[in-house]
Amino acid sequence: MKFKAFLTEHGVNLLERRFLPALDKMGKICHLFLTRDHAIFLHNLLNGDGVQCIAQFRKEALFDDYRISSQNEDRIAFAIDVSLLLRAVRSSVSICTEFGNGPSANRLQIKLVKKLPLNCTQPMPFLTFETKGYKSAVIQDVPISKPLSRAQVLELQTALELAQDIPRTLVQVPDSNQLQNFVERMKQVGDLLNVSISKYGDLHVQISTTLITLGAEFRKLLVIGEQAEAPSDDRNQSAQTRSERAISRGDAQRVQVSVKHFSRSLHCHLAKPDCTFYGIAPHGSCLTVIFQFFIPGTHQTDKSISLHCRLPVLDPGSS
C-alpha cells in the first residue's frame, strides 16, 4: 500500500489551527482513514466506548497531488496519536516559515513509509512529514499502528456509515459559549445530564442530585427537519413541565448522557464551526452534535468539510 500527498497551505491551517487541537481534546488516539476521495479522522468508532467523533475532509480541502493505492480498493486506515501528529505539523510549519525560499521550496509532503528504528529488528510503519527547504530537507516521522486489515477496514467503513444517521429534528444553538459555561458549572454538581430536544425548537439540559436540581433552557431555536407549533397553553408553564408535556405528546425526546462526555464534545468548537446543531437519534440511541462550516466570506455550507459527535446514552430515554 502507498500514500503520498502534499499538504496545501489551506490544509495546514485547517489541521494545525483548528481540527487537530479539537481532535486532541477528544482523545489521545484516533483512526485516520484514507480513501480515494477523503481523509477521515475517527474517534471511538471501533470500540464504542466514549464520544464518537468524525471529521471528514474531501482530499482537495487538505491536499494536492494526492496519491493512494492499496489492494483494498485504495483504502488505508491506521491508528495514530493525535498529539504527536499535531506536534509534527506545527514543527513542519515553523520549519517552512523559517527556511522556506521560493514558491515551491516550502511544500510539506506527507507519506506512509516503513523504517527500521534503533534497537529494533522489524521495520515499523510511520507517517512521515518532509519539509523541503532551499538547501536541505527536514524529515519527521510519526509512529502509527500496523495498517488495519481488510476485515478491520470493512468494520470501520460499516461503523462510519452507521454513524452518518441524522436525527429527524435538529436545533441550532447560537451561543455555544453560554452552553459551555453552564456545563462547566454543572460538572461541579453531578455526573449525569438530562437533555431534551423538542420539535418546537427547545433545548433543555438538566442535572439533578438528591440536594439540588440545576437546569437551563434554550427556547425558540432554529429547527431543521421535523418541527411543530408549541401549544399556546404551555406558555405559562415551567421549563420542566413544558418538556414533560412535549415528550408525552411525542413532540420531544429526552436522553441521559455523561456530563464529562457533553463537556468533551464542546471542545470541537476549537475547530471554529460557523453553526452547531443538536439532535437525538431515533429511539434515543445517542445524542448527536453536528458542526457546520461555511465557505469563507459566504453563508453557503462548505461541503468539503464535516464534523460531528455522537454521545453515548446512559439511559434509553423517551422516543
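Strands β3 (residues 38–43) and β4 (residues 52–58) pair in the antiparallel sense over six bridges, where strands are DSSP runs of E at least two residues long, numbered from the N terminus, and pairing takes at least two DSSP bridges between two strands. Within this pair, H43 sits opposite C53 in β4. The model is a predicted one, with local features needing pLDDT of at least 70 and side-chain atom pairs counting only at pLDDT 80 or more, while totals for chains, interfaces and linings use all residues. Residues are numbered from 1 along each chain as its sequence is written, and side-chain values use heavy atoms, with hydrogens and water left out.

Zooming out, the β3 and β4 strands belong to an open sheet of nine strands, ordered β6-β2-β3-β4-β18-β17-β16-β10-β14 with antiparallel pairing. The edges are β6 (76–81) and β14 (223–225); each has a single partner strand, so one side of each has no neighbour in the sheet. On average, neighbouring strands here are turned by 20° against each other, direction ignored; axes are lines fitted to C-alpha atoms (for helices over the stretch in contact), and angles run from 0 to 180 degrees between N-to-C directions.

Buried here means under 20% relative accessible area, exposed means over 50%, and partly exposed is in between (1.4 Å probe, protein chains only).

Helix α1 (residues 9–26) lies across β3, β4 and β18 (305–312), running at about 160° to β4; helices are DSSP runs of H or I with at least four residues. Over in strand β2 (residues 29–34) there is H31, which is buried at a relative accessible area of 18%. Leaving aside residues up to four places away in sequence, H31 touches I40, F41, L42, L46, F78, A79, L148 and L156, a contact being heavy atoms within 4.5 Å.

As for the chain as a whole, it has seven helices and 19 strands, and its C-alpha trace spans about 75 × 40 × 35 Å along the principal axes. Buried residues make up 50% of the 319 in the chain. Of the contacts with a separation of 6 or more, 64% come from residues 24 or more positions apart.
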